[in-house]
2 protein chains.
Amino acid sequence: MLTQPTLLLNKAKCLANIERMATKAKKTNVLFRPHFKTHQSAEVGSWFREYEVECITVSSVKMAVYFAENGWKDITIAFPANIREWSTINDLASTINLNIVVESIDTIQSLERNLTNPVGTYIKTDTGYGRTGINAEDYESIQALLKELKTCKNLIFIGFLCHAGHTYNTNSKEEIINIMDSSRQQLLALKTFMANDFPLIQISYGDTPSCSLSDNFEGFDEIRPGNFAFYDAMQAHIGSCNLNDIAVAMACPVVAKHPERGEIVIHGGAVHFSKDQIINDGTPQYGTAHPLNDRNWDTSKQLGYISKLSQEHGIIKMPQEHFSNINIGDMLAILPVHSCLTANLIKKYATTEGEYINMLI
Amino acid sequence: MLTQPTLLLNKAKCLANIERMATKAKKTNVLFRPHFKTHQSAEVGSWFREYEVECITVSSVKMAVYFAENGWKDITIAFPANIREWSTINDLASTINLNIVVESIDTIQSLERNLTNPVGTYIKTDTGYGRTGINAEDYESIQALLKELKTCKNLIFIGFLCHAGHTYNTNSKEEIINIMDSSRQQLLALKTFMANDFPLIQISYGDTPSCSLSDNFEGFDEIRPGNFAFYDAMQAHIGSCNLNDIAVAMACPVVAKHPERGEIVIHGGAVHFSKDQIINDGTPQYGTAHPLNDRNWDTSKQLGYISKLSQEHGIIKMPQEHFSNINIGDMLAILPVHSCLTANLIKKYATTEGEYINMLI
């Protein structure tokens, strides 16, 4: 019996999500290099091997070390390279095929001074998200980086890497597809412009919403979605998946009921969910509540939503029709708003089949 | 040399914070029962023993087990008791003096049916926060709980417990003190009302803002602040502490610079800080950036603030005067908005003296 907040993982749903994306990538003949920051687990990672995945993405050197120790031989760290970690990067590059991402001359020069092993190197390009990377239309700055990379012995230029994270701020499938198309156009134009000097430029593209909604990966050499393996309430809200595709749910015990406010208190707080929210009809929601039967949750029925989170408490707003059926001591299934952050907090999965799976600590 | 995001802990500042609160409690002759959910560390917990602390507060059964295993013999779990964990509660109650918190007849009846060892029992009362607990002015409901508790063999009624968390939504010291005064009045009136039947009622009060700003703990039998041991940018924003009292900071490496936006990218994201924010002049901030010299940070100078967080990235808005002095590879000190959630994510402290301290995993 589950007694505490527990992160449930439905392996069948997860496998179906992986298979769907792997099949799409294969059809378009692009390399499928899934991002493992979502599950951060050697065992969940091993499930991808069934779908011929051999190349992966991570978001930190620490994660790269963990997956390299667990047998992965081709890893891209899709995060601006941290020059302070050059020594670990160098060690990794001596044993696996390691790719890094750069976006400044300072980083290139510093790494080139220190590294003794070759690392594949992407230039991070920004196609409109505005978080990191060089504006994909700023050819001058990109040429300056390329010029610097040309002088390097150990930083081996591969191509342009982009994360179109602005797909998360959209309201329709059309907008998401438009962002992918616009990113593709920018990156292909850039590639064409540089083709004389660099004929073998690769384009690496990633984000779950557009890779989920589009079937057209033409122009990309690889895709790097990550969240799709689990999905979450945010992705369902955006339209990247159905509620039923979500492969994880937090089982949380009901500890108090407040009928006068239509509120249920669960043990399930910011230390279980982190604090990402979706805005539904102007109201912030930190997760949706569904019935739980043993370790299986029922997405066909929504009982309420988390309206507030403190460290250990979750407050669920619940309409009267469901409220009266819920008892203290019941377990509810909460679909997390952001499954990556939830998994990162819990550090352990309980599969619906009754197994426990560890992850990177 | 620090290479990755690292949670720094200044022991001297932490000890000063503990001493200040312990001294105030002693002066007013109330029991100091600090909340250990902030640090979740056996070693940091042991520092409290120097100030004669023997009774502590935690927010989950798991945390109670951890601290009991580390020698603490008097623990209150200040969270509505989770009846599914009765067996662990019962085991704990056989070895230490354990107190729990209830707010419903269902919980009382369920635990009384199952427990074979006595547990001290508080009724959670709500003095205006509106999260959990029975409205402190709803004497009828409270009397119903007391009536139920009177029939119990193993749930031993101690008194009323209250967390005035609405002190976090204030704009002045005066408002915070008013909330404490109002809570005190409500709890004392309740105590007086019940005094005939229950002459020994204890009042347990907790929250860092009011316990930090007030010297008057009269009427309370014990105080349970927790965050004060570390404080954070939120507490400084509320006015509970000075920036210089904050005992923890995240050291984060600079990985990219975007002069056109006045933005610095650090390795330091939602997996390091969680996502609590303060609103400063209408702008959400997820932490403030300060110079870091080895392991010592300088709060006299603010370089910027975190304006956005994704899983591993932090985006720091930085004015031009500071921007040009920061180089890729520099380490910045970030004062977290919520030190409890930050510590819970990092699971390890690096003291300014160069030691490493573990915590509950």
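Keep in mind that the model is predicted. Chains A and B touch each other, with 42 residues taking part from chain B and 42 from chain A. There is also a largest nonpolar core of 227 residues, in which A:Leu332 and B:Leu332 touch the most other members.

**Helices 3 and 4 of chain A**

- Let's start with helix 3 (residues 61-69) and helix 4 (residues 86-95) of chain A, which pack at an angle of about 30° with their axes 11 Å apart.
- Angles under 35 degrees count as roughly parallel, so helix 3 of chain A is roughly parallel to helix 4 of chain A.
- Helix 3 of chain A goes past helix 4 of chain A in a left-handed crossing.
- On the helix 3 side, the contact uses A:Val61, A:Ala64, A:Val65 and A:Ala68, and helix 4 of chain A brings A:Thr88, A:Ile89, A:Leu92 and A:Thr95.
- Sorted by class, the residues of this contact between helix 3 and helix 4 of chain A come out as six nonpolar, two polar and no charged.

**More on helix 3 of chain A**

- Which residues of helix 3 of chain A are buried? They are A:Val61, A:Met63, A:Ala64, A:Tyr66 and A:Phe67.
- The cover over the buried residues of helix 3 of chain A includes helix 2 (42-47), strand 3 (55-58), strand 4 (74-80), helix 4 and strand 5 (97-102) of chain A.
- After helix 3 of chain A comes A:Gly71, and its phi is positive, near 95°.

**Helices 5 and 6 in each chain**

- In chain A, helix 5 (residues 105-114) packs with helix 6 (residues 139-150) at an angle of about 10°, their axes being 10 Å apart.
- That angle makes helix 5 of chain A roughly parallel to helix 6 of chain A.
- A:Ile105, A:Ile108 and A:Gln109 of helix 5 make this contact with A:Ala144, A:Leu145, A:Glu148 and A:Leu149 of helix 6 of chain A.
- By class, the contact of helix 5 with helix 6 of chain A has five nonpolar, one polar and one charged residues.
- Over in chain B, the axes of helix 5 (residues 105-114) and helix 6 (residues 139-150) come within 10 Å and cross at roughly 10°, so helix 5 and helix 6 of chain B are roughly parallel to each other.
- Here B:Ile105, B:Ile108 and B:Gln109 of helix 5 meet B:Ala144, B:Leu145, B:Glu148 and B:Leu149 of helix 6 of chain B.

**Where chain B meets chain A**

- Several elements of chain B give two or more residues to the side that touches chain A, among them strand 4 (74-80), helix 5, strand 12 (263-267) and helix 12 (339-346) of chain B.
- Strand 11 of chain B gives the largest share of that side, four residues.
- By class, the side of chain B that touches chain A has 14 nonpolar, 17 polar and eleven charged residues.

**Two spots to look up**

- B:Leu332 touches B:Cys252, B:Val254, B:Ile266, B:Ala289, B:Leu292 and B:Leu303, leaving out residues up to four places away in sequence.
- A:Thr125 sits in strand 6 (residues 119-126) of chain A.
- Is A:Thr125 buried or exposed? A:Thr125 counts as buried because it has 27 C-beta neighbours inside 10 Å.
- Setting aside neighbours within four places in sequence, A:Thr125 is in contact with residues including A:Gly133, A:Ile134, A:Phe160, A:Cys162 and A:Leu190.
- A:Thr125 and A:Ala164 are 39 residues apart along the chain, and their C-alpha atoms are separated by 9.7 Å.

Conventions:
Residues are numbered from 1 along each chain as its sequence is written. Chains are lettered from A and ligands numbered from 1 in the order in which they are written. This is a predicted model: local features need pLDDT of at least 70, side-chain atom pairs count only at pLDDT 80 or more; totals for chains, interfaces and linings use all residues. Axes are lines fitted to C-alpha atoms, for helices over the stretch in contact, and angles run from 0 to 180 degrees between N-to-C directions. Angles under 35 degrees count as roughly parallel, over 145 as roughly antiparallel, 65 to 115 as roughly perpendicular and the rest as oblique. Two residues are in contact if their C-beta atoms, placed from the backbone, lie within 7 Å. A crossing is left-handed if the near helix is turned anticlockwise from the far one by less than a right angle, and right-handed if clockwise. Ala, Val, Leu, Ile, Met, Phe, Trp, Tyr, Cys and Pro count as nonpolar, Asp, Glu, Lys and Arg as charged, and the others, Gly among them, as polar. A nonpolar core is a set of buried Ala, Val, Leu, Ile, Met, Phe, Trp, Tyr and Cys residues joined through C-beta atoms within 7 Å. A residue is buried if 20 or more other C-beta atoms lie within 10 Å of its own, exposed if 12 or fewer, and partly exposed in between; C-beta atoms are placed from the backbone.
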